[in-house]
Amino acid sequence: MSSQAIRKLLVSFYIVLFFLYLFTPLIMMGMAAFNDVEFPQVVPWAGFTLRWFPALFADALMMEGIVNSIWIGIGVMALSVPIGLAAAIVMTQVHQRLQTLYYTIVVSPVLMPGVILGISTLVFWDRLGTFMDADYESFYYSGMFLTIIGQSTFISAYTMLIFLARLQRFDRTQEEAALDLGASHVQVFWKVLIPFLRPAIFSAMGLAFLTSFENYNTTVFTIQAESTLTTVLAGKVRMGTQPDLAALAVLIIGVTLVSAVAIEIAQRREQRRELAAKAEAARAERTMQAAAQPAQ
Amino acid sequence: MTGFFQRNGIAISTYLILAVVFWVVLMIVLPQAYMLDFSFRNNLPPAKIGGPEDVYTLSNYRYLVFGSPGSADAFNYLHLQVFLRTIIASIFVTLIDFALCYPIAYYIAQVAKGGFARSMILLLILPFWVNEILRAFSFRILFGTSGVINAVLQSLGIVDQPIDFLRADVALYAGLSYAYILLMVFPLYNAIESLDHNQIEAARDLGSPWWRIHWRVVMPHAKPGIASGCTLVFMLSAGALAAPQILGGPSSLWFTQIIYRWFNTGGNWPQGAAYAIVLLLACLVFVLAVMRLFKISLGEIAR
Amino acid sequence: MSADVELDHVTIRFGEFTAVKDANLKIEDGEFFSFLGPSGCGKTTILRAVSGFLEPSDGEVRIGGKNMRGIGPNKRPTALIFQNLALFPLMSVADNIAFGLEVRGVGKAERRKRADELLDLIALDGQGDKKVGELSGGQKQRVAIARALAVEPKVLLLDEPLSALDLKLRQHMRTELRAIQQRVGITFIYITHDQGEALTMSDRIAVMSQGVVQQIGTGSEVYENSQTAFVASFVGENNPFTGKVAAVDGQHALIDTSFGRLRGRNLRGLSAGSEAMLFVRPESLGLVNGQGAADNVIESTVLHSEFEGSFFSVFLRGDGGKDIVMSMTNSGNLPEFHEGAAARVGFRADRAVVLPVGEVADE
Ligand SMILES: Nc1ncnc2c1ncn2[C@@H]1O[C@H](COP(=O)(O)OP(=O)(O)OP(=O)(O)O)[C@@H](O)[C@H]1O
Ligand SMILES: [Mg+2]
C-alpha cells in the first residue's frame, strides 16, 4: 500500500471518528428517551416506552418555561432585527474615520461572555429603576423585559452582521434610481431596500429567535424570579432528573431535521430558478442579436 | 450630519439614529460603564444608596485577591485558584478544539466535493440546534457512573468499579470542547475555503511534504479564521455557566459559578460585578493577545 | 413650462479635487445634447448635478429658468438612466416601468395600462411579466428608458447607456434612441465617451476634458472647426504637426514645422511667434501629382497600407520624422502603395486648422 493510500485511509478514519464524537452523545440521549427506567440511561436497556413524551407536557414548570421562552424570543426578534438593520445601514454610511470605533463598539457584545451582558443589564436597569423611584411591578424589575434587553444586546450584533453581509451586495444606484423616479426616502426604504433585504430579514429573525430560545448565560441573571425553558432545564438537569429531558431533546432534534431538510430543498429550488432566468436571458440575447443584424 | 439626513430623509434618519443610539448607549455602553462603577461600591440595601456610606471602595477586588480581612490565609486561595483553572482550562479546550476541527475544516473546504461537502456542513450544524443544556445533559448520560462509557468499560472487564468522570472533570472538558466545535469549524472553514486550491497544488508540485504545506501555505492564509475561532471558543468556555453547573464535579468550581453565587445565594451584587469585570478583563487580554500574535484587526475576528 | 437646462458657471469640487470647472452652457428645450469626453473627465458628475444628486459647489443649475438648488432628485423634472441601468431586479418588467407611477399613488389598473403602452413603444409588448434577470442586455436598456419615460420627465438624462452592449447592438440602439427622442420630443442629455455615438445622434455636442468644457457645437462644427487641440485630437482622427506661427495671412496662419512651412486656417486668431499645432484629417490628405497642386506638400515614405473596404488607409513616415495617416475613398482606381516607396502628399489650407498648443487626447 502506498503512503498516499494510507493517508487517505487515516483521513477517512478520522472523519468517521469525528462525526461519531459529534453524534454519539445525541444518539445516546435519544435512546434514553425511549428507555423504560426512571433515570436517564441507555444501559441496561429495560424496554421501549413512549411514556416520557406525555410526561414532558404534563410538567407545568417546563410548559411555563417554554411559553416564556417563546414570548422572549418574539420580543428579542422585535427588538434586535430593527436595531441590527439600523446599525448595519449606519455602518455603511458612517465616516471612514469613525468606522473602526463604531464597529468595535457594536461587535463588542459578541466577544463578551454572556454572563457579563446579563449582569450589566441587571445592575443597570435595577439602578435606573431605583433612580426613577419605580415600583417593583414596573418593567425595570421585570425578568422578561430585562431578558429581552439583555439578549438583544448581543443578538443585535448577530443580526447586524447578517444585514451587513447582504448590504455589501446592494447596488446603491437602485436607491438613487428610485429617488430619481420620484420616490420619497421612506418609499425607497420600503419598496427598494426592504425587498432586497428580505432574505436577510428572515435569516435574522430566525437566528434571533433561536439564539434567544436557547440562551442560558445571559438569561440566568436577568430572568430573576421568572423562568425560561433553559433555566427550567438547567435546574432539572442539576437535580439528576428523569428521561423526559431526553424526550424533549428528541423532539428538538426531530424539528431541526425537518427544517434543515426544508431549507436545503428551498435553496436548491432557488438555485434552479436563477439558472432558468439566466438561460432565458441568454435566449433573449440571441434573438436580439438576430434582430439587430438586418439593421446593419 | 446634514448629508446623512439628506441621504436618508427625516423619517428614516430618525429611525436609524434612535435605534442605534438606544442600542449603543442604553444596551452596550451605559450598562458596562455602570457595572464597572458598581463594582467599586459597597453592598448596600436600596435605602442607603446615595447615602453617606455609598462611596467608592476597592474592597470587592481586594476580596478576590486577599479574601475577607478576618481570614487566616494571606490570599484568597480558593477563588484565585478557580480563576486560574478557568483560564488555563479554557485555553486547553481552545487548543483541543483547534486540533479537532482543523482537519475537518480543511477537508470540507479543500478536499470534499460540492454536494458531499454541503451534506457534511449540514451534519456539522445539526447537533448545535440542540440546546446547550441538553447537550451537556447528553454528556452526563454518556459519562455518568451508570453511563454508557462506564457500562462498556465494565462489560469489557477493563475496570471493575465505575470511574467517576464527572469528579475528574473529564466530562466537563469533553462537554466544553463539544459545545463550541461549531464556532471553531466555521471560521476555519471560511478562511480555508477562500484559499485558491492551485496554491496548494503548486506547493505540492514543488515537492513540499504535506505538513509543510499546511504550516507554510494553508495556516498563514487561514490566520484570521484561526484567530476568530480561538477567540470565540476561549471566550465562550471561560464564560460558560451551564456546562460547569451540569458536568462539573461537586467540588470543582468554574469562575462563572462563583459570580453566579454572588448574585444568587451570596446576595452581594457589587462583589459579583467586580468578579465579572475581572472575567471581562481576562477575555479582553486574550483577544488582544490573539490580535497581537496573529497581527490582525478586531474586524477580522468578529465576522 | 419649457425645459431648457442651463448650467450657469457651474463648478463641482470633491474636497481638493475639482471635477467640473466653470461649465457654462444652455441646452434648448427638445434638444438632443451630448457630453463627450474621455473616462473620468466629469461627465457623470455634471449629470448628477442636473438630476439633483449633487449640488454644484459654485454656480447654478436652472431648468426651465428655475434655480434647482435645494430641490432633491425626487422633485426635479428630470429622469436619469444610470450607467449601470439600476433596474430593480426583484420586480417584474412592468413593475419596473410603473415604479415612478406607483410612488405617485397612481392606481394599479392605470399603471398597468401605462406600462403596456411604454412596452409597445420600446417594442417589448407582452413581456411585462418577465423578471428583469430574464432580459438580454439590449432589452434591459430599453426597459430602463421606458421606466424613465413613464414619469414623463421634461429632461431625460442618459449616462453612457450603451456602453455595456456589444458593437452591433450599440449601433442598432443608436438609431432606436434617436427615434424615441423624436417621438417623445423631450430634451435628452446624453453622455458618452464614444464620439461615433455623439456625432450620429446629437443636435449639439459639448466636448469635455478634465472637468473643462472645451467646445460646444453641432457634430460638424466640432469636427470641422475644432477650437482646441484636445477637441481636434479627440473627435475623429487627426494628424498633428507642432511648430511656431511664422506669419498670418488673412484667414490663414503659416506655421514652421519639421516638415517645413505649412498653412492652415487660423481659427483662434493666433499671432506670429506663438507656439501652435496644425491638424489635418486623414481624408483631407491626398497624393500630389506633378508640382505644387496643393497648398501644403509633404515628402514621405510608405510604411504600409490597410484596405478597409469602402476606404483605404495609408501609413506614411514623413521626411520630417513623423508618422502620418492618409485615407482615401475607394473609388475603384486606387493607386498601389508599395512599402518603402516615396510618396508626395499634400492638403489644402482650408482643410487644416491651426490651434494653440494644448492637451492632446492620447489614443
Ligand atoms: N464622490 C466623489 N468623490 C470624489 N471624487 C469623485 C466623486 N465622484 C467622482 N469623482 C471624481 O471626479 C472625476 C470625474 O468623475 P466622473 O464620474 O464624472 O467621470 P466620467 O466622465 O463620468 O467618467 P466615466 O466615463 O468613467 O464614467 C473622477 O476623477 C472621479 O474620480
Ligand atoms: Mg461616468
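Me: Which residue in β4(C) does E6(C) stand opposite?
Reply: This is a predicted model. Strand β4 covers residues 58–63 of chain C, and five bridges join β1(C) to β4(C), the two running antiparallel. Within this pairing, the residue in β4(C) opposite E6(C) is R62(C).

Me: What is the bridge partner of E6(C) in β2(C)?
Reply: Strand β1 (residues 5–14) of chain C is also joined to strand β2 (residues 17–27) of chain C, by seven bridges, and these strands run antiparallel. In β2(C), E6(C) has as its bridge partner K26(C).

Me: Which residue in the turn between β1(C) and β2(C) has a positive phi?
Reply: The two strands form a hairpin, with two residues between them. A phi of about 60 degrees belongs to one residue in that turn, G15(C).

Me: How many salt bridges are there between chain A and chain B?
Reply: In this pair of chains, 92 residues of chain A are in contact with 85 residues of chain B. There are 13 residue pairs in polar contact between them, counting pairs with both residues at pLDDT 80 or more. For salt bridges between chain A and chain B, the count is zero.

Me: How much area do chain A and chain B bury between them?
Reply: The size of an interface is often given as the accessible area lost when the parts come together. Of the area buried between chain A and chain B, 77% is on carbon and sulfur atoms. The total is about 8000 Å².

Me: Which helix gives the largest share of the side of chain A that touches chain B?
Reply: By class, this side of chain A has 66 nonpolar, 18 polar and eight charged residues. The largest share, 15 residues, comes from residues 3–32 of chain A, which make up helix α1.

Me: Which residue of chain C meets E280(A) in a salt bridge?
Reply: Chain A and chain C bury about 2800 Å² between them, 60% of it on carbon and sulfur atoms. Across this interface there are three salt bridges. In one of them the N to O distance is 2.8 Å, and the partner of E280(A) is K130(C).

Me: Which element gives the most to the side of chain A that touches chain C?
Reply: In this interface, 29 residues of chain A are in contact with 38 residues of chain C. The elements of chain A that give two or more residues to this side are α7 (173–180), α8 (185–214) and α11 (244–292). With nine residues, the element that gives the most is α11(A).

Terms used. Residues are numbered from 1 along each chain as its sequence is written. Chains are lettered from A and ligands numbered from 1 in the order in which they are written. This is a predicted model: local features need pLDDT of at least 70, side-chain atom pairs count only at pLDDT 80 or more; totals for chains, interfaces and linings use all residues. Side-chain values use heavy atoms; hydrogens and water are left out. Two strands pair if DSSP finds at least two bridges between them. Helices (H or I, at least four residues) and strands (E, at least two) are DSSP runs, numbered from the N terminus. Contact means heavy atoms within 4.5 Å. Buried area is the accessible area (1.4 Å probe) that two parts lose on being put together, summed over both. A salt bridge is a side-chain nitrogen of Lys or Arg within 4 Å of a carboxyl oxygen of Asp or Glu. A polar contact is a pair of N or O atoms within 3.5 Å; within protein, one must be able to donate a hydrogen and the other to accept it, and residues adjacent in sequence count only if both atoms are side-chain atoms. Ala, Val, Leu, Ile, Met, Phe, Trp, Tyr, Cys and Pro count as nonpolar, Asp, Glu, Lys and Arg as charged, and the others, Gly among them, as polar.
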